[in-house]
Amino acid sequence: MPLTVEQIRADIADCLGEDPADIAVDDDLVDHGLDSVRVMTLLEGWRREHSVTADFADLAERPAIEAWAPLLGAA
Amino acid sequence: MSGAAVLPLTAAQSGMWFAQALDPLSPAQNTAECLEIDGPLDPELFAAALRRVTAEAEALRVTVEDTPDGPRQRLAGEVEPPLAVRTDLSAEEAGAWMRADLAEPVDLAAGPLFGHALFRVGPDRWWWYQRVHHLAVDGYGHALLVRRTAEVYTALARGEEPAPGRFGRLSDLVEDDGRYRASPAFAADRAHWARVLGDRPDAPRLAGRGALPSRGVRRCRAHIGPETTERVRDLAARLRATWPDVLIAVQALCTARATARTDVVLGLPMMGRMGSAALRVPGMVMNVLPLRLTVAPRDTFAELVRQVALGVREVRRHQRYRYEDIRRDLGLLGENRGLVGPLVNVMPFDYAVDFAGVPARSRNLAAGPVEDLTVHIHDRADGGGLRVDHDGNPALYEDAGLAAHQERFLHLVERLAAADPHLPLAAHTAATPGESALVLDEFNRTARKVPPTTLIGPIEARAARTPEATALVFRDTELSYAELNTRANRLARHLQARGAGPGAVVGVSVPRSAELVVALLAVLKAGAAYLPLDPDYPERRLAYMLRDAAPVCAVADRAGRLPGDTGTDLVVLEGLDVSAYAGTDPARALTPAHPAYVIHTSGSTGRPKGVVVPHRAIDNRLRWMQHAYPLGAGDRVLQKTPSSFDVSVWEFFWPLREGATLVVAEPGGHKDPVYLSRLIREQSVTTCHFVPSMLQAFLSAKEAAGCRGALRRVFCSGEALPRESARSFARVLPGTELHNLYGPTEAAVDVTYHACDRSDGGPVPIGRPVWNTRLYVLDAALRPCPPGVPGELYLAGGQLADGYLGRPELTASRFVADPFGPPGSRMYRTGDLARWTGRGEVVYLGRTDDQVKLRGQRVELGEIEAALASRPGVDGACALVREDRLVGYVTGTADPAGVRAALARELPEHMVPAAVVALDAFPLSPNGKLDRRELPAPVFAGGAGGRPFASAREEALTRLFAEVLDVPGAGPDDAFFDLGGTSLLAVRLVARVREESGAELTVGSLFEAPTPAALAARLDADRPGAGDALGVLLPLRTEGDGTPLFAVHPAGGLSWCYAGLAARLGDDRPVYGLQARGLAGDDRLPGTLWEEAEDYVAQLRAVRPHGPYRLLGWSVGGVLAHTVAVLLQRAGEEVELLALLDAFPSEQWRGRPAPEEGDALTAVLRMAGVERTGERTREDVLATLRRAGSPLAGLPDRTLSRIVDIVPNHARMMREHEQGRYEGDMLFFTAAAPRAEEWLTREAWRPHVSGAIVNHDLECTHPELMRDRHLDEVAAVLTARLKELDA
């Protein structure tokens, strides 16, 4: 099942312990407390459940939902 | 292809470069991963993939050179990746191959800085080994390289063109680094770290100390399974943290427990790439940052995790500021000055890769050098849980110790992942369940049934059994058991008439004598507890004790002995006639629960407190003692301890229970070693006690050796027994047992025991518990500490005192409920710091309440004292803080300035006493303990830099001396080697002088001009100095007007190795080295040892035309020294000292194959302290020496090349040599460790020496003989001999 932007937002919010409504698609997720461990955690989950092929550097390079969506097949 | 680019290093790379430059031959910075690929692999395609990735990854293609502008990296256009493909090795052999490869140091200037290997370890099972120097690539960079290699290989395997590479450029990192360092963020980060760490605690060391990084790493591997990993992740989620936060919190808890601290600083390696261009650069970016945490027992684990999560977030905001810069800002650049404790290195790197569909698993083989302890946690995104590698510095951790730390960590992870995170941390013990069972139960298995007797009952029974035996000897008086018993009975009945009985207290103030023993027995026989009132105590103190204890009466030998205004009923023995009383044992309703004695001890508030000890406690103690060290009728026990000190209790009563004889010393005699020696000898004393400081005084008296034979056993207690004292005991009284006992007055004299063994090292343990006694070493939360972890010592069991007389609150605060014993049982809190050994013995570490702090740093005085005591010539030692300065006091023959200089060599600066004061003897208090208040104040001699600097150059050099030696107090006239300089430090100094002033010095010039002043003068005179240190006669120390010592070089021809010896022999002894001809000039090498020795005779006569001569030589130098001695004697000169250090005569070597040049190269490398690895030619060897930063590498190539000739020439001449005969004694030092040449024996000298061969064995190998600890021993023996010759 392909990812959607809303699913990405929800997963990120869950991982950061925040409300999805508080995370805008163009927010820098590092400002929300995203770190490398959380990136790996999210990536592992998405790989497992959504056959994602992006790698860590792809995501960590621009940590924002709008940048991730195409990489995660949710464009 | 040309076009090599040259770039500066980033700050991150510079840190790695500097660490490597400190020890160029260290392979510790090799990092490596091994990927296990379970499926088919095409090695050809793989090599093609590696070539492409290498072409894409600039970081792999650099070499690093030191230039006048600092280190520079040169980026080569094309590098063929080194790849070994092995299909013939088993998995085990492949493992060995990789270990061997990792052990090879990398030459940064030569490159390449990486290497690959591909092993086929089974059908369709491949291992890919990837090694990179840490300067080039960090852990994240490894993962990038692995991913890209897999990607390229997969494309190639499918016949496709790989997607274009996206690696960033190295120059991006360099520019980024430069921008940061010029930015306001840099300044802000610096300010942040200065603020956070300004009042930081000492680095928490699990090993209890720090050390320089070693060349290798000790690794302990473990794995946290998927289930626990999931639980950790769940817990983290519940606590709104990440799983690394949880693991960091666990390590913080482990660290706090292991070091008994609440304020700990951990190190966090950070990959430092989020949101940065560095994400695409496989380079070296990672940084280590301090995380400061408070681990309070009352806090919950959830709170600790929260603290970690917030702390990590804070750290991340300032993570670009380099660890090296933080240390520099805090003034911690010197060696051994830690900032952080264990590192927790979480590596969530993306290793989910496949090779054309074949999945791979990665394991890390090496993650870089370790200063103390690093916990690596690898999350390989493969669903297999977490891999946990504990990497320890081998200089600090043994395998077992490292494994124990890892087990405790894993145990706590398991436990905390399952437990309620809102429990206080106190609920979680650091010990594993196995360790808890060990320290609580196994080590305390002391239960023993004893009959319900009293202290006095068995004495009366003994008197009835052996009435005629001699019970007591004092001066000319001898009392039989019957006589003593009768006299005591009469007095006892008199005391009963005055109100004495069970539960009552009777004071006794009688100087040591037969009457004292009678009085004590009488009190006990009456059923009362005795209260010793030391006649030597000041009147005010005695008055206090009488009011405090309120005895029913007090026995004194004469009127006026005790203060008269206390209202105590006095029984004066002088003129007292008790003959009317019956001489039979009096009746009394005494039970084992009644008090036997009340002894006052000093209180921390300065108010003495009376400890009430019941009969059953002391009865248990004496029954155990008789079992452990059976006394017989023939034994004679010395009574010399004042009755106010509880050790006297066993002295008085143990022999009288067992039919032995009590030998009573003169009053005051316990402070006079000569008197005691005589008394022991004349009275054939078999058993006695010493307080350690008194033991040392006793052993220092030459009469002590006269006690050999009769004296069977000596007990020590009352203070920590220094190992050095135990050693000198074994030397002076080789046939006598030495037992170390420990116990506070609050637990019936002693509760632990340890038999000293002369072959043991380290601190002398206080040992294991006696009968019916339990020892607990507990942390602040009263949980048991596992072996090796310090905690406070608590005592429980049958020997505990009832408490403090009339002080219920004080009693309740020190005698607390025993959580591990049966309900209602108590334990006594000693205030002593201790740790268990793995063998179930306790080691005393100091006081919990006598800790001193100097300039904010914690100092354990015991450690300073141990260091002082370990110096040769120091008999006893103590240290204290006086006016904020640490002062050491020593007795013995050692030169205090030399001792201080020696400590400066082994201790951090803040632990080196500002002064060491030599005393004839330590002042002792009335009960024989060291009286610190009576120690004299030291006189500081005008400060270290006593005179103003003569020139700017002198000042600059003094500063460099201080920096390199880490001795801030260095002055312009202090000699380098006296301040702890070593040849390695000399190399650093020379390099620093070159850096700062451009002046070219050689290490040799330091021998000749060893002080900043002399060196400045030399530089001012612009004498290059090169070559001087290669002359045949090398002045190692020219000051002093004593008889010079001539030391002949070993096989390599250089005498620099004797610099350390010269420094240790004292100020007034000139020392000259004799060195091989031809090191500097073009002189031809000698044809025979006789020819060479003739030359040396001429040389030494230039310094000292006539005898007496003193000669010494190590190895070949010993044979030459012998030959020189023979020549001098033939010329009619006197040779008064011939000392050989592990040298053996020619016939021992004859017939043995002489070394080829190959072996000569090995010998040259050994001279530099380097083991030969792959060096084949002399050029290889020269290159290695240069890389190793060996002082030898400072020599011109010509000289080094000459040494390679000199070594085999000596080997040849040695085999051809005919020994002459030396008239006199020979002093010999044997390197006694087992050696390959087991046929070597000093006995072979017999035909060549007319006198005795006086040998000293040293526990070391031949090369170790000239190193610190062993050199100390050699110097001590030599110094003693030289002093005899001087006299």
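Student: What makes Ala252(B), Leu266(B), Leu495(B), Val506(B) and Val523(B) stand out in the largest nonpolar core?

Tutor: Of its 280 residues, these five touch the most other members. A nonpolar core is a set of buried Ala, Val, Leu, Ile, Met, Phe, Trp, Tyr and Cys residues joined through C-beta atoms within 7 Å. This is a predicted model, in which local features need pLDDT of at least 70 and side-chain atom pairs count only at pLDDT 80 or more, while totals for chains, interfaces and linings use all residues. Residues are numbered from 1 along each chain as its sequence is written, and chains are lettered from A and ligands numbered from 1 in the order in which they are written.

Student: Which residues does Ala252(B) touch?

Tutor: Leaving out residues up to four places away in sequence, Ala252(B) touches Val264(B), Leu266(B), Leu293(B), Val295(B), Leu304(B) and Val308(B). Another core, of 82 residues, lies apart from the largest one and includes Val1032(B) and Met1226(B).

Student: Why are α7(B) and α8(B) called roughly perpendicular?

Tutor: Helix α7 (residues 226-238) and helix α8 (residues 243-259) of chain B pack at about 100°, with axes 8 Å apart. Roughly perpendicular covers 65 to 115 degrees, so α7(B) is roughly perpendicular to α8(B).

Student: What makes the contact between them?

Tutor: Val232(B), Arg233(B), Leu235(B) and Ala236(B) come from α7(B), and Trp243(B), Asp245(B), Val246(B) and Leu247(B) from α8(B). Contact requires C-beta atoms, placed from the backbone, within 7 Å. The residues divide into six nonpolar, no polar and two charged.

Student: How do you know that Ser51(A) is exposed?

Tutor: Ser51(A) has 11 other C-beta atoms within 10 Å. Exposed means 12 or fewer, buried 20 or more, and partly exposed in between. Ser51(A) is therefore exposed. It lies in the loop between α2 and α3 of chain A, and its phi is near 50°, positive in a residue other than glycine.

Student: Where is Asp124(B), and is it buried or exposed?

Tutor: Asp124(B) sits in the loop between β6 and β7 (125-133) of chain B. It is exposed, again with 11 other C-beta atoms within 10 Å. Its phi is positive too, about 55°, although it is not a glycine.

Student: How many residues of chain A contact chain B?

Tutor: 16 residues of chain A contact 19 of chain B. α2(A) gives the largest share of the chain A side, six residues.

Conventions
Two residues are in contact if their C-beta atoms, placed from the backbone, lie within 7 Å. Helices (H or I, at least four residues) and strands (E, at least two) are DSSP runs, numbered from the N terminus. Axes are lines fitted to C-alpha atoms, for helices over the stretch in contact, and angles run from 0 to 180 degrees between N-to-C directions. Angles under 35 degrees count as roughly parallel, over 145 as roughly antiparallel, 65 to 115 as roughly perpendicular and the rest as oblique. Ala, Val, Leu, Ile, Met, Phe, Trp, Tyr, Cys and Pro count as nonpolar, Asp, Glu, Lys and Arg as charged, and the others, Gly among them, as polar.
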